[in-house]
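I opened my notebook and worked through this one a step at a time. Here are my entries, in the order I made them.

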There are 2 protein chains.
Amino acid sequence: MNYNTPISLQNFNVSNGFWKDRMELIRKNVLLYQWDILNDRVEDAAPSYCMRNFRIAAMMNQKRKELGDAFEEPKYSFKPGDEWPKDPDNLEETFYGCVFQDSDFSKWIEAVAFSLANHPDEELERVADEAIDIVCAAQLENGYLDSHYIIKGMDGSFKNLKDHHELYCFGHLLEGAVAYYQATGKEKLLNAAIRFADHVNEHFGTEEGKCNGYPGHEVAEMALVKLYEVTGNEKYLNLSRYFIDQRGQKPYYWDNESEYFGFEWKEQEHYEYYQAHRPVRQQEEAVGHSVRATYLYSGMADVARLTDDEELKTACRKLWNSTVREKTYITGAIGGTKEGEAFSFPFDLPNDLAYAETCAAIGLVFFARRMLQMEVKAEYADVMERALYNCVLSGMDLEGKRFFYVNPLEVLPEACHKDRRKEHVLPVRPKWFGCACCPPNLARLISSVPSYAYAENEDTLFMHLHMAGTVVKKVGDKEAVFAVKTDMPENGNVEIAYTAQEPAAMKLAVRIPGWCENWGVSGTEAFHCTEKDGYYYIEGVFTENDKICFVFEMKPCFYQADSRVREDIGKVALMKGPVVYCAEERDNTDSLHLYRVMPQENAEETEVIINGEAFPALKLKAAKMVADNAQRTLYTKYRNVQYEEAVLTMIPYYAWANRGENEMMVWFAES
Amino acid sequence: MNYNTPISLQNFNVSNGFWKDRMELIRKNVLLYQWDILNDRVEDAAPSYCMRNFRIAAMMNQKRKELGDAFEEPKYSFKPGDEWPKDPDNLEETFYGCVFQDSDFSKWIEAVAFSLANHPDEELERVADEAIDIVCAAQLENGYLDSHYIIKGMDGSFKNLKDHHELYCFGHLLEGAVAYYQATGKEKLLNAAIRFADHVNEHFGTEEGKCNGYPGHEVAEMALVKLYEVTGNEKYLNLSRYFIDQRGQKPYYWDNESEYFGFEWKEQEHYEYYQAHRPVRQQEEAVGHSVRATYLYSGMADVARLTDDEELKTACRKLWNSTVREKTYITGAIGGTKEGEAFSFPFDLPNDLAYAETCAAIGLVFFARRMLQMEVKAEYADVMERALYNCVLSGMDLEGKRFFYVNPLEVLPEACHKDRRKEHVLPVRPKWFGCACCPPNLARLISSVPSYAYAENEDTLFMHLHMAGTVVKKVGDKEAVFAVKTDMPENGNVEIAYTAQEPAAMKLAVRIPGWCENWGVSGTEAFHCTEKDGYYYIEGVFTENDKICFVFEMKPCFYQADSRVREDIGKVALMKGPVVYCAEERDNTDSLHLYRVMPQENAEETEVIINGEAFPALKLKAAKMVADNAQRTLYTKYRNVQYEEAVLTMIPYYAWANRGENEMMVWFAES
């Protein structure tokens, strides 16, 4: 099989440029800040309770061991009112926060691991080891490790798979453990994860006497694949496949789950929300909670690839097409509606009501990379790049200290404050959330971006994204080394120099970006070159001082949406390369809806200073409607609308909302 | 004081034309059908339980009388689960349906009364008398008459003024009773209403020992004014003024109400919903539930006029301006959001998410008429006419058997079915609703349209709307009689003939419609004519065969919205006279959003057959975007969009959704 895998983070040394800056931001500003958050030490931020819960669970565990049979197991009870502690200093109290609070640690430790792999840091590693000690102390003898049930009563465990995120926390723990092991070689957390996975594996399955349920919130599927890949133990791959194929089988497992709680699920008919309305192989439309969906699809793509399951691959392709051809914003955001934080119906992509959750764009990046592992086609990388440069980065402010859940494409602050339909849309990023899935998710993704940019198989190095740095690839028993220089996304020049002393016979596959119409390459005379599925393959013997230069023409360019997207009809959006631009009131005037742009005119490149830093900006000739409103009536007879010449200054979408509340728009009517 | 009052329905004999047809529809198809509905005799329609509740209350009353002190009063309990009977045939059971179910009878009897005043009908009157007997049998000795509390326990009475609609039902009962007395001269229901009003009057007020609360859902304010006008008893006017001025005073009365129920109102901060956030004289913006708002404003305008209260008049004018200059759709609909069935913030008027409740447009008609009574200015009548011809009539199908709550300006059926944000928007009218405020409200308004068209004071007859028929006005001890011929809204010709044998010295005031730019009048040579505030005043001695002819030019005409209405930017809507036109998929193609219209071009008048009946229609030259969608991506580089020539056929908005589910749009992008 000719699949590919992401390069190990240790084999890439990011040199400079766009992603280096962001990875450094995560390393310097975000990781220790988030550690403070997880320990409830940041004023004015919603408390996390995450590490507090692990500490309480560990204390109870200690008592368990000391008292033996005399320990009185708590009787499980779940009252939503229990979410906030009465006495925050009293560690004897119960579990606080959302049921999935443990996962904040797991995503954080994963981010830390990625960062350590890129950039060793003793102090950070010490903090991480300390955190791992606390978490592992909470683990039960039988391997179980979810603080919610350990604290509140194990009799409730695995009783509400649908909504209580137990297998979600399990999955994230596995991912964190695998990453930390890969980065540091330390096995403590990995062993804890293996013990937990073995426990889960004992419990679930179609065999007689086992529980034939599956996760309400997916992630364990892809996490188990990672555990399989690092341990080589096929039972984890099999458990993942079991979770995937059991999903949505009739009779629905969750129907009976509700009996334990003494009531029927009200949402029985809403299993679409969970992608559990039918078996996954029969699903053709991306539906329901969009983060869950992409996590499931990612796991499906992993299992399809590793088991060479053509039927499952076909299902993945259909769900990919449904997602990106009918339900993705130009920013790579998904989730058109706040109702269920979900996909809306095909082509329903409202700009101002969008849910467009940061985590869902991250999930789309996961899904895209796994489709790329299955088959190297530029369309997957195009979407991955679109999401990374736009919706994903929009989730965080420029200092890495404030975060968006929701990344709309049009904001009128007055509407955010006064219109309950838009109460999910915030005009500025808050510091943290009670349900804080997005911030650590961002940290772990950005820290691991090189593993999305570069992948390899036995004889080929794939460059999916053009990212500056030094990449090392094993070719037989030799090491091929490439030094990549690029200022992407500032311009489209990419220089790839072979820097190892020993030559290597191999292939280099460089993606030709979907946004690029004209491109050229030089330095390939000695190689056999072919183009396939949007990739340029350069095959031959690379020797020191070989230098291959790509020039991908990158001009500001207007885009239009499929005409079935009603909200964008007659409108255009501006991009430069992979970066979507937006206009903010701050650089223009208010009432951005009065502007019309002229897509035939060229945009002028300039800069805008935001928080003391220069950002690329584009200036456009535009027309602004002269507001000539009657004083007495809302509606007047049509008269030729007057426009005045105007200039519209647009900034990268990822940099919006860093200067206080103001209007923002991506799509503009064309003049 | 030079105020005016609506003409008595007995003094107008509708001859033919637009409104005659609709009044006849109500008389023939709606009233007895609604009587069946109120008695739960219509299959497939949500049960009303209205008359069933009165019957049970009457039975309990009978027992009360028979048993005397031995009667065991029920202990009040309110469980929302009680809404539907377990055994629908067992009349011994409890109250069913919404707490305000009584009001359906009251609105129905009012509609019946208006119809009888226009068109005596023995059979209908017999049914009405029978209904009144049932209702009056439920009245307690002390005058109290609300079946909900009579059945469920009087100890709960007046304990939840905020939400349990007790004073709302009270108000509607007064309105029904006054109308029935005015139409038939029969006093039974009026006397019941007076006894109830006296009971309420004893209970409420600022005096020591009285309850200083006020209605959660307004209507009693204007109802008490009607009772005052028919009885001449000032205590009812005073009670109305008390309710108005007590509203929103601090400390908030409702805050303490919640104690009775053992919990705090969650919505304490949401008194805006009830227009009770501050005293009404300090309110400047129309906020909250839009039906409640217009009912309150109507009562305020009544009291301001009758007490010549300048401060209250000023408050009314401010609220009027806020409503119509910032928060009214071109169809006369109000209520931009389903969240609280409420006004959204100024200029937030989304076409597809609109709430635009039928009852709210009806409320706007009430408010407009009362502003007209306060001061004769055409702007009030313009809004009244806009609401009547468009949003109000849209509330009912062409047969009078199906009803809309919500009257959007743009409908995509797929969105209604799949987008929970639009679950309130229905693409076709249902037969009835569990909460059925709109259908009987429509019946009573349409039956009484002449009293909105014509008004009078001592020496002047006002023609606010141009409606065909014969109108009689007392002038001193003589009767002036005018025969009005018009095909409005088909064309703008209005002929007013004086037909009484005896001459009369008086004034005729005819509104010059706001939509009319060119108009002429003939036959006024012998009169002194002046124009003021949009009315043409014709003063002199009218003698038999005087004939005054107005020609109000009425051409199809495009309108644009105030540029602060973001949802309508770059768009136009088509009207002819007061009638808004819309396009339906049925007469065109699907994907109505692809059409662009050319507001410089003239529309061609034609007809469309709907349910076998010819309706005026307008054909427009239009351009339809050629949908040239890429197969692989949602977003493509901008290329000149291609349009093909197309014709757009538009029908009156009031006739939409009579041919099954299909797309509909009012606002079109201009080419």
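**Entry 1: one glutamate in chain A.** Is A:Glu326 buried, partly exposed or exposed? Before answering, I noted that I am working with a predicted model. I looked up the relative accessibility of A:Glu326 and found 25%. Buried means under 20% and exposed means over 50%, so this residue counts as partly exposed.

I then checked where A:Glu326 sits, and found it in helix 12 of chain A, which covers residues 310-326. Next I listed what A:Glu326 touches, leaving out residues up to four places away in sequence.

**Entry 2: the contact between the chains.** The size of an interface is often given as the accessible area lost when the parts come together.

**Entry 3: a glutamate in chain B.** I picked B:Glu24, which lies in helix 1 of chain B, residues 18-38. Its relative accessible area is 17%, under the 20% cut-off, so I wrote it down as buried. Leaving out residues up to four places away in sequence, B:Glu24 touches B:Asn29 and B:His119.

**Entry 4: chain A as a whole.** I stepped back and counted 17 helices and 23 strands in chain A. What radius of gyration would a compact globule with 671 residues have? The rule gives a value near 26 Å, and chain A has 26 Å, so the two agree. Along the principal axes, the C-alpha atoms fill a box of roughly 80 × 80 × 50 Å.

I noted that 64% of the 671 residues in chain A are buried. Of the contacts in chain A between residues at least 6 apart in sequence, 72% join residues at least 24 apart.

Last, I looked at charge: chain A has 73 positive and 107 negative side chains, and the centres of the two sets lie 3 Å apart.

Methods
Residues numbered from 1 in each chain as written. Chains lettered and ligands numbered in written order. Predicted model: local features only at pLDDT ≥ 70, side-chain atom pairs only at ≥ 80, totals over all residues. Heavy atoms only, no water. Helix = DSSP H or I, 4+ residues; strand = E, 2+ residues; numbered from the N terminus. Rg over C-alpha atoms; globule rule 2.2 N^0.38 Å. Buried < 20%, exposed > 50% of the residue type's maximum accessible area, 1.4 Å probe, protein only. Contact = heavy atoms within 4.5 Å. Lys, Arg positive; Asp, Glu negative; His and termini not counted. Charge placed at Lys NZ, Arg CZ, Asp CG, Glu CD.
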